[in-house]
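Hi everyone, thanks for coming.

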Amino acid sequence: MSDSEAVALEGVSKRYGAAEVVREVDLRLGAGESLALLGHNGAGKTTLIKVMLGLTRPSAGDVRICGRRPWERGFSALRARIGYLPENVVFHDTMTGRELLTFYARLKGRSVAVVPELLERVGLGAAMDRRVRAYSKGMRQRLGLAQALLGEPVLLLLDEPTTGLDPVLKRQFYELVAERQRQGTSVLLSSHALSEVEARTDRIAIMRRGRLVACGTLVELRRAAGCPTRIRVRAAPSAVEELMTTAAGVGEARLVAPGSVEFACRNGTKMDLLRRVSALGELVEDIEIVPPSLEDIYDRFSEEAAPQ
Amino acid sequence: MKAILILADKEIRDGLRNRWVLGTILSFAGLALSLAFLGSAPVGSTRAGELAVAVAGLSSLTVYLMPLIALMLAFDALVGEFERGTMLLLLSYPVTRWQVVLGKFLGHIAILAVAVLVGYGSAGLLLAWSGGWDVEGAGSYLAMMASSVLLGGVFLALGYLVSVLARERSAAAGWALGLWLFAVVLYDLALLGLLVAGGDALGAGQFVALLLASPTDAYRILNLIGDRAVAAVAGLAGAAARAGIGGLAPVAAMLGWLLVPLLLTLVILQRRDL
């Protein structure tokens, strides 16, 4: 376990009373790397983040944040280099954005001179002297991010940061995070939808009922999920029979409409099927290829009924 | 220490912003001024100085008002931050849990101290300036101001205890109100009932112990009996002489009521699994 790793969890479990919220999680986040932590509500994402912050101590397992255990002396100094945005945080809305950020900057031992510049950077320059009460949802979330960005953090932990933001605000938010990542900050953010974090992070980890069920790049997850690619073929109604026999044994075939057959192709059978279907020549009117959607892949891992 | 001061500073700013400080100062000043100038009329020619009269009148009202204000400042302090999610954020900073509690306490007690200093102090100065000045009276007036802040501290600490135990803000508000009712009204009613019903069965020592067990009664003793001139006005001189209570016991009782709930709050918060 090297000190350069931002996060290293080994066999981490956490129980509250009888409920085991996190079970034997191994997770690593290298310096400058970004990771999305996915899972339904109650999958254990927030608890895992709390463990990383040292807000709660794991029942079992080892935790190192930048080489230090959160419950050991001296971790407090490291906290000044960790940016955290809790889920659904509601700031004191009688304060202005500038006042609020000034308070947090002082608490982190930072010069308050960075406050206006930071607010400017997250697009709150014009609103910094307005009360938080008058801020929109997107502005509040950017204020929360500004708070997390104080003091050039080496690690950013963002708990469902874009929930409730519209697509434009989401994109702006991720751009700000990406900018920070380019400067070497490791980023871990949680979300409950794969489509939200697609292509935003280097790796994706999926949790289900406290366990880490998958971790890898999107390509790796796609492969591991083994979700079928669906191929819809439209042919003359008289040719359907022939179509079915041609493709026998390659993919599951299903008649979805008169003259329209859908094949579910698993790993590597897609090209074989396409070759056979195109061999039928003019009997085939149209071919439509539908790769597994992000939701399909996510459901595969996160659904209760899915195989381990 | 620096973190505590930053947190205290934030509480004071919050208090200034939402007019808590202003409201408290105005209510204390209004109370003190009206008592000082309206209340002195019927006393007329007693031997007691005007300041001593003011102490008797003010302290018997402070004993209701100060606990209410302190509890209103404190009940939300911890449970509110948990509910808004700002406590998690705060604790992710280089700040310990006990620093959060002590910072809030320092800020809140500063608000109360300033309100007492400005509100009661201005009335006291006016009284002294208008001719009611005497050294003994000034002493007991200052002692009344100090013990009022201490009383505020007691109910801040009790308020934090309520705040750390309650699961929701609304529950904390209910508990705080109940606590106020018990401490300033029900306890004394029960004590009175005990005296009436029990008669002589209750020894003077036991009675004093029961009085000291309540922070509000300790405050009353301190201000109404502790000083001879005030006691004369309040008609309690005889009782004080019989009971033989000095100023130390009530102060110790109040300090106990401040420190124990504060420590309990710290321990409970420290042990909480977030």
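How many residues lie between strand 8 and strand 9 of chain A in their hairpin? There are 2 residues between them, and R209(A) in the turn has a positive phi of about 45°.

Some housekeeping before we go on. This is a predicted model, where local features need pLDDT of at least 70, side-chain atom pairs count only at pLDDT 80 or more, and totals for chains, interfaces and linings use all residues. Residues are numbered from 1 along each chain as its sequence is written, while chains are lettered from A and ligands numbered from 1 in the order in which they are written. Helices (H or I, at least four residues) and strands (E, at least two) are DSSP runs, numbered from the N terminus.

Now the pairing, which takes at least two DSSP bridges between two strands. Strand 8 runs antiparallel to strand 9 (residues 211-216) over 5 bridges, with R208(A) partnered by R211(A). Strand 8 also pairs with strand 3 (residues 34-38) of chain A, this time in the parallel sense over 4 bridges, and there A36(A) sits opposite I204(A).

Is strand 8 enclosed or open? Because 6 of its 6 residues (203-208) are buried, strand 8 is largely enclosed by the rest of the structure. Buried means 20 or more other C-beta atoms within 10 Å of a residue's own, with C-beta atoms placed from the backbone. R203(A), A205(A) and M207(A) cover one side, and I204(A), I206(A) and R208(A) the other.

Lastly, the chains: 18 residues from chain B meet 23 from chain A, counting C-beta atoms, placed from the backbone, within 7 Å as contact.

Note on methods:
A residue is buried if 20 or more other C-beta atoms lie within 10 Å of its own, exposed if 12 or fewer, and partly exposed in between; C-beta atoms are placed from the backbone. Two residues are in contact if their C-beta atoms, placed from the backbone, lie within 7 Å.
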